[in-house]
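Please work through the following exercises with the sequence and the model at hand. Each task is followed by its solution in steps.

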Amino acid sequence: MVRNVAYMAALIGARHNPVLAAMKQRLAAKGKPGKVILVALINKLMTLLNAVVRDRSEWRIATH
């Protein structure tokens, strides 16, 4: 269940979140396969979410 949610969040984030979209383009330019890119985006999302929980802050749209 968590894996499914993380998968969908990474797919949507790659389209609508500027930080994740830039990361996806960067990895694709290096020739990484799609599944590898998706797992990297999931890891990035988990890192961001853990930081939000750790800092007890609200989600802010990050710009680069």
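**Exercise 1.** Determine whether Arg56 is buried or exposed, and state where its place is.

*Solution.* Arg56 has a relative accessibility of 79%. Buried means under 20% relative accessible area, exposed over 50% and partly exposed in between (1.4 Å probe, protein chains only), so Arg56 counts as exposed. Its place is in the segment after helix 3 (34-55); helices here are DSSP runs of H or I with at least four residues, numbered from the N terminus. Phi of Arg56 is near 50°, a positive value in a residue other than glycine.

The model is predicted: local features need pLDDT of at least 70, side-chain atom pairs count only at pLDDT 80 or more, and totals for chains, interfaces and linings use all residues. Residues are numbered from 1 along each chain as its sequence is written, and side-chain values use heavy atoms, with hydrogens and water left out.

**Exercise 2.** Identify the residue with which Arg54 forms a salt bridge (a side-chain nitrogen of Lys or Arg within 4 Å of a carboxyl oxygen of Asp or Glu).

*Solution.* The structure holds one salt bridge. Arg54 pairs with Asp55, the closest N and O atoms being 2.9 Å apart. Arg54 is exposed at 62% relative accessibility, whereas Asp55, with a relative accessible area of 45%, is partly exposed.

**Exercise 3.** Which residues of helix 1 and helix 2 meet?

*Solution.* Gly13, Ala14 and His16 in helix 1 meet Pro18, Leu20, Ala21 and Lys24 in helix 2, contact meaning heavy atoms within 4.5 Å.

Definitions and conventions. Helices (H or I, at least four residues) and strands (E, at least two) are DSSP runs, numbered from the N terminus.
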